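Trainee: Please give me a close look at a single part of this model. I would like one connected account.

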Amino acid sequence: LLQREELLFKQLNYYYPLLAQKLRGKSLPEATRIWRDEAFKGGIKKAVATTEHIQKATLMAVKRQQNPNDPEAKAYFEQQKNKRLIKEQFQEMMNNYPESQ
């Protein structure tokens with residue numbers, strides 16, 4: 001399908017260039033296997049990243065509880081606060097200016 005649909009392959013190449021390179025010129029069964037493997041690897045990477053994020057948040061909470069002035073914990077929670085504010089401001093902008101979508 002990707003080989004027959006040029007626009008679809010261009011989009012794949014734009015968003016996932018490494019995957020597009022791996023799929024280029026492969027037979028359907030081989031491309032299916034590669035696609036499946038890459039999706040599986042991506043799922044594992046996402047799970048690992050989520051676990052690491054949770055572990056770091058827990059560690060920083062413990063550090064802050066033990067020492068409210070811990071510089072690493074303060075920096076971590078300040079960064080989290082800034083990320084949350086940016087996300088909220090973005091959502092508000094999207095709600096106020098729906099034409100920007």
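Mentor: Start with a definition: buried means under 20% relative accessible area, exposed means over 50%, and partly exposed lies in between (1.4 Å probe, protein chains only). This is a predicted model, where local features need pLDDT of at least 70, side-chain atom pairs count only at pLDDT 80 or more, and totals for chains, interfaces and linings use all residues. Residues are numbered from 1 along each chain as its sequence is written, and side-chain values use heavy atoms, with hydrogens and water left out.

Take Ala31. Ala31 counts as buried because its relative accessibility is 17%. Its place is in helix 3, which covers residues 28–66. Helices here are DSSP runs (H or I, at least four residues), numbered from the N terminus. Ala49 also lies in helix 3. That residue is partly exposed, with a relative accessible area of 41%.

Which residues does Ala31 contact, leaving aside neighbours within four places in sequence? They are Leu23 and Lys26. Contact means heavy atoms within 4.5 Å.

Now the core. Ala31 belongs to the largest nonpolar core, together with Phe9, Leu12, Leu19, Ala20, Leu23 and Ile34, seven residues in total. Helix 1 (6–15), helix 2 (17–23) and helix 3 each give two or more residues to this core. Helix 2 provides the largest share, three residues. Such a core is a set of buried Ala, Val, Leu, Ile, Met, Phe, Trp, Tyr and Cys residues joined through side-chain atoms within 4.5 Å.

Leu19 is another member of that core. The C-alpha atoms of Leu19 and Ala31 are separated by 9.8 Å, and the two residues are 12 apart along the chain. Not counting residues up to four places away in sequence, Leu19 touches Leu12, Ile34, Trp35 and Glu38.

Leu19 also lines the second largest pocket. Leu12, Trp35 and Glu38 are among the other lining residues, as are Tyr16, Leu18, Lys22 and Ala39. Helix 2 and helix 3 each supply at least two residues of the lining. About 160 Å³ of space lies in this pocket. A pocket is an open set of points on a 1 Å grid over the protein atoms alone, with protein on both sides within 12 Å along at least five of seven lines; lining residues have an atom within 4 Å of a point. The volume is the space filled by probe spheres set on the points, which are joined across faces, edges and corners.

Key
1 Å grid on protein atoms, 1.4 Å probe; cavity = no way out; pocket = protein on both sides within 12 Å on 5 of 7 lines; lining within 4 Å.
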